[in-house]
Amino acid sequence: MFTTIESFIEEYQMESNTTQQLLDTLTDESLTQTQTEGYRPLGYIAWHLVHAERGMLYGTGLEFESPAAVSVPPAEAAVIAEAYRTTTQNILNAIRTQWTDEKLQDVVTMFGMPWTISTTLYSFLKHEIHHRGQLTILMRQAGLSVIGAYGPAKEQWAAIGRPVPTL
C-alpha cells in the first residue's frame, strides 16, 4: 500500500505511461476488435480506462475532471488516447492539491467495505493493469504491436539485441 502521496504518484506515472503508449497505438479500425461475440470490444475497454476509475477515486472524495462514465466510447482512437492523457493529468493534479500523506489513512466505503484511501489507490492501479492486459490481447488480435510493461514484448527483443525467446 502507499504511505506517501509521492510514492503513489511515481507508481501511477509509470503505469499510466505504459497505458498511454498502448492507447497511442490504437487505430480507429482496431476499436471494434472483440475476443468473441458477446464480449466488450477493444474500444470499450480502452474507454473504460479513461473514465471508469473515476468511480473508485470519486468514492474517496477526490475531485477532478473526466469524461462522463455513461458516455458512449468514441469511434476515434486518438480521442480516447487524448482523453486518457488529460484525465491522468487531472488525477495527478487533484491528488497533489487535495491530499496529504495523512489523508491516505482515511477510511472510505468502497464496494460496501471499509478501505483506506491507500488501499483504494492500490486497487485503482491494479484495476488499470488488469484492463491493460485485456487491451494488449485484443490489440494483438487486431494485428497491432504491443509494448512490454514489465519486460520486452516479442517485437522489442531485437531492439535490445537479444533473440526472441522460443517456446
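## F8 and the aromatic pairs

F8 is buried, at a relative accessible area of 1% (buried means under 20% relative accessible area, exposed over 50%, partly exposed in between, with a 1.4 Å probe and protein chains only). The model is predicted: local features need pLDDT of at least 70, side-chain atom pairs count only at pLDDT 80 or more, and totals for chains, interfaces and linings use all residues. Residues are numbered from 1 along each chain as its sequence is written, and side-chain values use heavy atoms, with hydrogens and water left out.

The structure holds five aromatic pairs (rings of Phe, Tyr and Trp, the last by its six-membered ring, pair if their centres lie within 6.5 Å; planes under 30 degrees apart count as stacked, over 60 as edge-to-face and the rest as tilted). One of them joins F8 and F124 in a tilted arrangement, with 6.3 Å centre to centre and 50 degrees between the planes. This pair links distant parts of the chain, since F8 sits in helix α1 and F124 in helix α5, 116 residues apart (helices, H or I of at least four residues, and strands, E of at least two, are DSSP runs numbered from the N terminus). F124 is buried, with a relative accessible area of 1%. F2, F8, Y12 and F124 form one aromatic cluster.

F111 and W115 have ring centres 5.6 Å apart and planes at 65 degrees, so this pair is edge-to-face. Is F111 buried or exposed? F111 is exposed, with a relative accessible area of 59%, while W115 counts as buried at 15% relative accessibility.

## Helix α1 against helix α5

Two packed helices are described by the angle between their axes and the distance between the axes. Helix α1 (residues 5-25) packs on helix α5 (residues 117-141) at an angle of about 20 degrees, and their axes are 11 Å apart (axes are lines fitted to C-alpha atoms, for helices over the stretch in contact, and angles run from 0 to 180 degrees between N-to-C directions). That angle makes α1 roughly parallel to α5 (angles under 35 degrees count as roughly parallel, over 145 as roughly antiparallel, 65 to 115 as roughly perpendicular and the rest as oblique). The crossing of α1 past α5 is left-handed (the near helix is turned anticlockwise from the far one by less than a right angle; clockwise would be right-handed).

On the α1 side the contact involves F8, E11, Y12, E15, S16, T18, T19, L22, L23 and T25, and on the α5 side L121, F124, L125, E128, I129, R132, L135, T136 and M139 (contact means heavy atoms within 4.5 Å). By class, the contact of α1 with α5 has ten nonpolar, five polar and four charged residues (Ala, Val, Leu, Ile, Met, Phe, Trp, Tyr, Cys and Pro count as nonpolar, Asp, Glu, Lys and Arg as charged, and the others, Gly among them, as polar).

T19 lies in helix α1 and is buried, with a relative accessible area of 0%. Leaving out residues up to four places away in sequence, T19 touches L49, Y84, E128 and R132.

The buried residues in α2 are L42, G43, I45, A46, W47, H48, L49, V50 and H51.

## Helix α2 against helix α4

Helix α2 (residues 42-51) and helix α4 (residues 77-98) have axes that come within 8 Å and cross at roughly 20 degrees. The two helices are therefore roughly parallel to each other, and α2 passes α4 in a left-handed crossing.

In this contact, G43, A46, W47, L49 and V50 of α2 meet I80, A83, Y84 and T87 of α4. The residues of the contact of α2 with α4 divide into seven nonpolar, two polar and no charged.

## Helix α2 against helix α5

Helix α2 also packs on α5, at an angle of about 155 degrees and with the axes 10 Å apart. That makes α2 roughly antiparallel to α5. This crossing is left-handed. L42, I45, A46, H48 and L49 of α2 make the contact with H127, E128, H131, Q134, L135, L138 and M139 of α5. Its residues divide into seven nonpolar, four polar and one charged.

Q134 has its place in helix α5 and counts as partly exposed, at 30% relative accessibility. The C-alpha atoms of Q134 and T4 are separated by 30 Å, and these two residues are 130 residues apart along the chain.
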